Amino acid sequence: MHSFGYQNGSLHCEATDLQALASEHGTPLFVYSKKTILDNYQRLASAMSELDCQICFATKANSNIAVLNQLAKAGAGFDVVSSGEIFRVEKAGGDPGKCTFAGVAKTRAEIEHGLKAGIYSFNAESEAELVLIDKVAGEMGVKAPVALRLNPNVDAKTHAKITTGKSGNKFGIDFDFIRDAYARASKLPNLNIRGLQMHIGSQLTTAAPFIEAVEKVVPLVEELKAAYGIEFFSIGGGIGIVYEDSLASGDPAWWETSDALTPEEYAAKLVPSLKPLALKIILEPGRYMVGNAGVLLTEVIYEKQGTTKLFKIVDAGMNDLIRPTLYEGHHDIVPLQESDGETEVVDVVGPVCESGDYFATNRELAKVEEGDVIAVLSAGAYGFVMASNYNSRPYPAEILVDGETAHVIRQRQSMDDLIAGETIVE
Ligand SMILES: *Cc1c(COP(=O)(O)O)cnc(C)c1O
């Protein structure tokens with residue numbers, strides 16, 4: 001569900017006209033809906049309300065401090081993967097005591113930052129990391145709360161580049177080694193064993209892989225609870241969103257005929273296995289929370305007819321939104337002015353000097369002309385956060401809409417900022 005749709009023929013985010021935003025702030029422009037983000041949070045929280053459940057938003061999906069601040073006020077904790085993300089959470093008013101710290105390569109400086117901030121749990125991914133956390137905690141005279149990340153060796157049946165829970169992935173500790181790793185942790189004097197974590201992958205569109213992973217791991221959780229008194233089990237993130245038919249999915253009626261995964265279905269399938277554990281259950285959703293809550297607005301600069309293709313060349317590129325290039329990710333694309341039904345088969349491509357710089361290929365789209373602004377939908381997760389300055393293109397601006405009000409939550413990057421920190425030498 002989301003708050004994007006046509007009102008009187010023009011595309012709106014909540015009560016705000018997107019054409020007006022594009023005219024005022026320019027393009028490329030990311031626009032997010034506050035209502036969608038908070039609705040998504042509340043919906044998942046209430047679906048899980050039978051459990052002692054903490055939602056830790058996966059900060060990496062959209063780390064603008066205005067977005068983090070909204071979620072913090074709603075009660076979310078955060079799953080962070082770097083010192084930079086801890087810094088953002090602190091600036092956004094988030095509670096580090098509700099944060100988990102993930103990642104395979106935490107450095108000494110990052111561990112110190114996490115300990116100083118008072119992170120709820122370091123989710124360690126190797127025995128070597130446990131050893132360093134123990135050492136740093138000892139030097140600081142504190143106990144470090146830790147959990148281990150298990151690699152449950154389950155096929156998430158998603159894109160290869162976002163599969164994380166198979167034994168060939170770099171993430172987590174394999175079943176064969178996990179008990180030894182806990183035994184080792186229990187002997188390190190400056191660690192406090194707090195839980196078990198797993199995360200099998202991203203953009204899962206059915207509940208089956210989640211159920212398989214949970215059922216496979218529950219006996220181990222019971223064992224660890226008895227042996228070490230663990231207090232939480234984190235089942236990670238990964239709830240998928242609707243990328244095709246994205247606009248239609250803003251309508252409650254659409255969900256009645258669709259088989260898309262809902263938070264209610266996710267909860268109904270998992271709660272029966274999780275409840276008997278009587279532990280705190282942590283969820284780490286990223287994409288689910290913000291994916292359909294954002295769009296990327298971009299202007300059609302030129303049209304070009306090739307021998308086999310009609311290109312619509314737009315002013316946003318893979319440096320602004322890399323999902324199509326990196327993951328073959330699909331994003332629906334719609335005009336800001338509702339179409340009269342006329343369509344064309346086109347490639348929508350950006351300005352970057354790479355053949356992979358496209359948003360859609362051989363796609364039937366509503367006919368648009370030079371100067372028209374189009375919306376690349378479902379761009380709220382893994383969009384701006386993956387942006388780069390490649391081709392010396394400044395970062396786009398970001399807007400958070402609240403009803404009729406549009407807040408600039410990040411200014412468009414200036415040319416001076418583009419070279420900030422660079423120096424010319426003799
Ligand atoms: C990326 C990540 C998530 C979030 O994944 P989504 O698919 O966006 O929900 C959660 N936990 C960990 C450890 C991650 O690396």
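Let's start in helix α3, which covers residues 65-74, where Val67, Leu68, Gln70, Leu71 and Ala72 are buried. Buried here means under 20% relative accessible area, exposed means over 50%, and partly exposed is in between, using a 1.4 Å probe and protein chains only. Helices (H or I, at least four residues) and strands (E, at least two) are DSSP runs, numbered from the N terminus.

A quick word on what you are looking at: this is a predicted model, in which local features need pLDDT of at least 70 and side-chain atom pairs count only at pLDDT 80 or more, while totals for chains, interfaces and linings use all residues. Residues are numbered from 1 along each chain as its sequence is written, and side-chain values use heavy atoms, with hydrogens and water left out.

Asn64 caps the N-terminal end of the helix, with a side-chain oxygen 2.8 Å from the backbone nitrogen of Ala66. A polar contact, by the way, is a pair of N or O atoms within 3.5 Å; within protein, one must be able to donate a hydrogen and the other to accept it, and residues adjacent in sequence count only if both atoms are side-chain atoms.

Now for the ligand. Which residues are closest to the ligand? Among the 16 residues that surround the ligand, the closest are Lys60, Ser202, Gly238, Glu284 and Tyr382. To count as near, a residue needs one of its heavy atoms within 4 Å of the molecule. Sorted by class, this shell holds four nonpolar, seven polar and five charged residues. In that sorting, Ala, Val, Leu, Ile, Met, Phe, Trp, Tyr, Cys and Pro count as nonpolar, Asp, Glu, Lys and Arg as charged, and the others, Gly among them, as polar.

Ser202 has a side-chain N or O atom 2.3 Å from an oxygen atom of the ligand. Tyr382 places a polar side-chain atom 2.6 Å from an oxygen atom of the ligand, and Glu284 has a polar side-chain atom 2.6 Å from a nitrogen atom of the ligand. On its own the ligand has 390 Å² of accessible area, and the protein covers 93% of that. Such areas come from the Shrake-Rupley method with a 1.4 Å probe; for residues, only the protein chains shown count as cover.

What about the space itself? The ligand takes up the largest pocket. On a 1 Å grid over the protein atoms alone, a pocket is an open set of points with protein on both sides within 12 Å along at least five of seven lines, whereas a cavity is a set of points where a 1.4 Å probe fits but cannot get out; lining residues have an atom within 4 Å of a point. A molecule sits in one of these if more than half of its atoms lie within 2 Å of its grid points.

Thr27 and Pro28 are joined by a cis peptide bond, with omega about -5°, and Pro28 belongs to the loop between α1 (18-25) and β4 (29-33). Glu14 isn't a glycine, yet it has a positive phi of about 50°. You'll find Glu14 in the loop between β2 (10-13) and β3 (16-17), and it is buried, at a relative accessible area of 13%. Asn153 also isn't a glycine and has a positive phi, of about 55°. Asn153 sits in the loop between β9 (144-151) and β10 (173-174), and is partly exposed at 33%.

Let's finish around helix α6. A polar atom of the Glu125 side chain lies 2.9 Å from the backbone nitrogen of Gly172. Inside α6 (residues 127-140) is Gly138, which counts as partly exposed because its relative accessibility is 32%. Gly138 and Pro189 are 51 residues apart along the chain, while their C-alpha atoms are separated by 8.0 Å.
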